[in-house]
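Take a look at the model below.

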Amino acid sequence: MKKAKIYLLMLIVSTSLVPNTMLGATENYSNLVANDPKEIPAEVKVQLARLDEIKTIDKSTLTSPEKKELRKEVRAIKASLKSTGNGVYLSVGAIIIIVLLLILLL
């Protein structure tokens, strides 16, 4: 019975700590243009257009170095698009520390 409780606890902890990487695979960057009511900078529009262009390329005719270069370019564009976000992100650990400090100080 004691082992069952330990296994159940491990199962709950492990499933609650799994990152949501599967959601990132379905992200469509072209939808960002239509859904965002704010004005999008010209550089971002150019990068999104380049991503769509790369997506439409027939990759079966490309050589291996060309495919590698395209992958590097896509990674660089996606990284720059992520860095253009103006949001403030807090990790779970930072939120826990803030809550604990608020409890202790109040």
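The model is predicted.

**Salt bridges**

Side chains of opposite charge can pair when their charged atoms come close. Here the count comes to 2 salt bridges.

| Pair | Distance between closest N and O atoms |
|---|---|
| E53 and R50 | 2.8 Å |
| E73 and R50 | 2.7 Å |

Where do E73 and R50 lie? E73 lies in helix α5 and R50 in helix α4, so this pair ties together parts that are 23 residues apart in sequence. E53 and R50 are another case. They sit 3 residues apart in helix α4 (residues 42-56), so about one helical turn separates them. R50, E53 and E73 are linked in a network of salt bridges.

How open are these side chains? E53 has a relative accessible area of 45%, so it is partly exposed. R50 is partly exposed at 24%. E73 is partly exposed at 27%.

**Surface patches**

Which residues form the positive surface patch? They are K67, K68, R71, K72 and R75. K67 is placed in helix α5 (residues 64-83). Its relative accessibility is 33%, so K67 counts as partly exposed.

There is also a nonpolar surface patch of about 1000 Å². Its members include L90, V92, I95, I96 and L106. I95 lies in helix α6 (residues 92-105). With 41% relative accessibility, I95 counts as partly exposed.

Terms used: Residues numbered from 1 in each chain as written. Predicted model: local features only at pLDDT ≥ 70, side-chain atom pairs only at ≥ 80, totals over all residues. Heavy atoms only, no water. Patch = residues over 30% accessible without salt bridge, like charges linked within 9 Å, V, L, I, M, F, W, Y side chains within 5 Å. Areas by Shrake-Rupley, 256 points an atom, 1.4 Å probe, with all protein chains shown as cover. Salt bridge = Lys/Arg side-chain N within 4 Å of Asp/Glu carboxyl O. Lys, Arg positive; Asp, Glu negative; His and termini not counted. Charge placed at Lys NZ, Arg CZ, Asp CG, Glu CD. Helix = DSSP H or I, 4+ residues; strand = E, 2+ residues; numbered from the N terminus. Buried < 20%, exposed > 50% of the residue type's maximum accessible area, 1.4 Å probe, protein only.
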